[in-house]
Amino acid sequence: CDGAHNSTTIVDSSGSPLSTTCYGNAKLSNVQSKWGGTSLALLGAGDYAAIANGVGTDFGGEAFTAEVWVYPTSLVSFAHVLGKWGLTGGCSWHLGIGAGANVVAEVTASGSYDPSYSGWGAAAITVDTWNHLALVLIPSVSTKVYANGVAAFTMGAPAGTANLPDLLTIGRNPNGQQFTGYIDDVRITKGLARYTADFTPPGAA
């Protein structure tokens, strides 16, 4: 994440920048950083960041890649890292860390839970270390989830994702499932499956 230490203003360096709002005590910190000198610090209950609903966060029937660097300082039964989860229930997609340091993900076209499009895989996410996570959907073909460049699991692929009118949240979902630690270099690519096989995680922002 780009920005000044202790700031709540997060700079989106992409070609199509989106506005990100911090909630709770979420803020940029130079205590840990993968790139750029600061990362998003989420160290207490209620700390998260969010991007408003819009064409940049709705994928419809397009492929997409969601990836992020995470530095967890603790692990819980489920920690939401990144995704679009309905305030009134339902989910478009999400990526998180589960019990046993596993990676967890879900992608749905209807907005309702479907076990065909939800899964988890052993990934050995490490506490107090930077880990790279990626979720890649090719509609009606495959959904793959990677941890540190290695495929953790593959699951069914819906024809697209539900366009829920909700925030894209980073670090916490509406159910209060909280990630604790630092998050850096969130990158969401609409219309492109960046990874289709094991890869070396990005070496720069």
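The structure, a predicted model, holds 0 disulfides, a disulfide being a pair of cysteine sulfur atoms within 2.5 Å. Residues are numbered from 1 along each chain as its sequence is written. Local features need pLDDT of at least 70 and side-chain atom pairs count only at pLDDT 80 or more, while totals for chains, interfaces and linings use all residues; side-chain values use heavy atoms, with hydrogens and water left out.

As for the cysteines, C22 is buried because its relative accessibility is 16%, and C91 is buried too, at 2%. Buried here means under 20% relative accessible area, with exposed over 50% and partly exposed in between (1.4 Å probe, protein chains only).

Turning to the rings, there are 11 aromatic pairs. Rings of Phe, Tyr and Trp (its six-membered ring) pair if their centres lie within 6.5 Å; planes under 30 degrees apart count as stacked, over 60 as edge-to-face and the rest as tilted. F59 and W93 have ring centres 6.0 Å apart and planes at 35 degrees, so this pair is tilted. F59 sits in the loop between β4 (48-51) and β5, and W93 in strand β7 (residues 91-98), 34 residues apart; strands (E, at least two residues) are DSSP runs, numbered from the N terminus. F59 is buried at 3%, and W93 at 0%. Y71 and Y182 make an edge-to-face pair, because their planes stand at 75 degrees, with centres 5.9 Å apart. Y71 belongs to β5 and Y182 to β14, so the pair ties together parts 111 residues apart in sequence.

Key. Helices (H or I, at least four residues) and strands (E, at least two) are DSSP runs, numbered from the N terminus.
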